[in-house]
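Hi,

Here is the structure I promised to pass on.

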Amino acid sequence: MAVQTQAPLRWPAGLTRVPYWVFQREDLYADEQERIFRGDCWHYLCLEADIAKAGDFRTTFVGDAPVIVTRDRDGEVHAFENRCVHRGALICLDDCGSGKTSFSCVYHAWTYDLRGNLIGVAFKDGVKGQGGMPPTFRMADHAPRVLRVARLLGLVFGTFSPDVPALDTYLGSTIVSCMERVLGGRTPVVLGRYTQVLPNNWKLYMENVKDSYHASILHLFFTTFEINRLSQKGGLIVDESGGHHVSYSAIDRSAARDADYAKQQIRSESEYQLQDPSLLEGFDEYRDGVTLQILTVFPAFVLQQVQNSIAVRQIVPRGVSKTDLHWTILGFADDTGAQRLARLKQANLVGPAGYISMEDGCVGGFVQRGIAAAADAQAVLEMGGAAAESSESRATEASVRGFWKAYRTRMGL
Amino acid sequence: MSPFEVIVRALADYVRCIDEDRLEGWPDFFDDPCTYLITTAANHREGLQAGIVFATSRGMLVDRVSALREANIYERHTYRHILGMPAILSHEGDRVRSETPFLVARIMRDGATDIFATGRYLDLYRIREEEAKLAERTVVCDSSRIDTLLALPL
């Protein structure tokens, strides 16, 4: 499905069209790695809870780049590329661990401290006066690429860019306050992790997450149980760059059933009853009536509140038409037993078997396969107008347009 | 029949039920209340509780089937479960703990067939009158990676 040609990239005018070659071209994939994943963007690396103690580490990815995140003896968090400066092998082969004081490459035992400084080269001075590195070799001249790191609300972000502004500036105060609403003042606890392997380009997943238009149409479970209807109170926030967004809704169980759905003959009028409704019996966690808040940070991070199901999702491209979606399901240290049980039950809503998100795992693949012979055709993004701005309606593709606005700015398209 | 024979029969019936698309009968293999959890070996090892599927009653299993039939959208596919021999881990009164390895191939509507999951069932059976019901089934998948989606139960 990958398209190798170097045909000139001509993006149609405005934000309402997306040419399908953007999901297919190998050259664009490589460009994205450079301009977005190693460019002027911040990327989610891990939770602070993943590296809670000095000597803890976790390996992750920023796009294609393997990365090690560590906490040193002073409690500082560091991140550097997981690539030995000698011959390029992975420095660390584990997902996580603790009690580390250094990392030693298995190939030739070149050794790094927790900040990524090269501190040892095996047989540097040779053996019995023979061999060894030349006198001109200085370890200080050789270091893996180190990322700038920023911590926010228990999340660790990193960037290869020396130029991107500080994380809170990058996000803007509105996005930060929406993140604070979910995570602020509490200690996240990991309840579980898994990876969903998506058969599609990473941008198709980001479009899907940002698309508030589809939620109540594709996801019948949501709609039937009145967790989410476009006509409910709610809205969409798109930041100025277009790249970050928040979609939220507040449930109103007393609201009359909405005639708009019946008119559209959308599959939402079944008499579907849960045998065990305890699945949806949550608790009022935020005291603001908002039962759903999906937040994205450009390019590839999602913070999810679906009732009491809290999760972070990290999107890692694995090729033009393959994407890893890493889910981390969260609770908080001060959860009561009943609250924790409610979170575990509501985790059924999300993930690869999620009542409301399993469709998101396959719909990107439906597009990737559907457009296989249509590189020069275009998606139509006119729902809710042509702009990429906040709105009180969620019957809009404004945040999808926002994604492409931010994407094109970074890609020079 | 010995507990081993009763459990072997229950296992064989269970996987035929899923593989032959008789999902409505799947909850009947469980006691009520029961627990049914699909998780990963890494989560299981670390004692992390959240599952890919997490049910604490037979009603939640019935709801899973109803959602698959009426609500959720996914491309048509079937499983073929291949089970290994159950190991009986303990036997106290009418309660038997066992562990059974599985391999599940997923066959998509276009015929594409892949190994979808391997792992083990960690089971607690309650045996009455030569019939074994699951009080607990923890499906521990060896891998943390799930391809596309996990719709049908394991």
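Of the contacts in chain A with a separation of 6 or more, 64% are between residues 24 or more positions apart. Do keep in mind that this is a predicted model.

Some overall figures for chain A first. The chain has ten helices and 19 strands. Its radius of gyration is 23 Å, close to the 22 Å that the globule rule gives for 413 residues, so chain A is as compact as a globular protein of that length. Of the 413 residues in chain A, 58% are buried. The accessible surface of chain A is about 16,800 Å², and carbon and sulfur atoms account for 50% of that. On the charge side, chain A carries 43 positive and 47 negative side chains, with the centres of the two sets 4 Å apart.

What does strand 15 pair with? One partner is strand 14 of chain A (residues 245–250), in the antiparallel sense and over six bridges. In strand 15, A:Leu295 is the residue that A:Val246 stands opposite. Another partner is strand 16 of chain A (residues 301–306), also joined to strand 15 by six bridges and running antiparallel to it. There, A:Thr296 stands opposite A:Val302 of strand 16.

Strands 15 and 16 of chain A form a hairpin, and three residues sit between them. A:Pro299 is in that loop between strand 15 and strand 16. For context, most residues other than glycine have a negative phi, and most peptide bonds are trans.

Next, an open sheet in chain A. Seven strands make it up, in the order 2-11-10-5-4-3-6, and the pairing is antiparallel. Which strands are at the edges? They are strand 2 and strand 6 (96–97) of chain A, each of which pairs on one side only. Strand 2 of chain A (residues 43–47) is mostly covered even so, with five of its five residues buried. Strand 2 pairs with strand 11 of chain A (residues 155–159) over four bridges, in the antiparallel sense, and A:Leu47 stands opposite A:Leu155 of strand 11. Further along the order, strand 5 (residues 77–81) and strand 10 (residues 146–152) of chain A are an antiparallel pair with two bridges. A:Ala79 stands opposite A:Leu147 of strand 10 in that pair. When you look at the side chains, remember that in a regular strand they alternate between the two faces of the sheet.

One helix for your list: helix 3 of chain A, residues 173–183. Which of its residues are buried? They are A:Ile175, A:Val176, A:Cys178, A:Met179, A:Arg181, A:Val182 and A:Leu183. Note that an arginine, A:Arg181, is among them. Just after helix 3, A:Gly185 takes a positive phi of about 70°.

B:Asp32 and B:Pro33 are joined by a cis peptide bond, with omega about 0°. B:Pro33 lies in strand 1 of chain B, which covers residues 30–40.

B:Asp21 has one, at about 60°. This aspartate is in the loop between helix 1 (3–19) and strand 1 of chain B. B:Glu130 is in the loop between strand 6 (113–128) and strand 7 (131–141) of chain B. At 38% relative accessibility, B:Glu130 counts as partly exposed.

That's what I have for now.

Cheers

Technical notes. Residues are numbered from 1 along each chain as its sequence is written. Chains are lettered from A and ligands numbered from 1 in the order in which they are written. This is a predicted model: local features need pLDDT of at least 70, side-chain atom pairs count only at pLDDT 80 or more; totals for chains, interfaces and linings use all residues. Side-chain values use heavy atoms; hydrogens and water are left out. The radius of gyration is taken over C-alpha atoms; the globule rule is 2.2 Å times the number of residues to the power 0.38. Buried means under 20% relative accessible area, exposed over 50%, partly exposed in between (1.4 Å probe, protein chains only). Contact means heavy atoms within 4.5 Å. Accessible areas come from the Shrake-Rupley method with a 1.4 Å probe; for residues, only the protein chains shown count as cover. Lys and Arg count as positive and Asp and Glu as negative; His and the chain ends are not counted. The place of a charge is taken as NZ of Lys, CZ of Arg, CG of Asp or CD of Glu. Two strands pair if DSSP finds at least two bridges between them.
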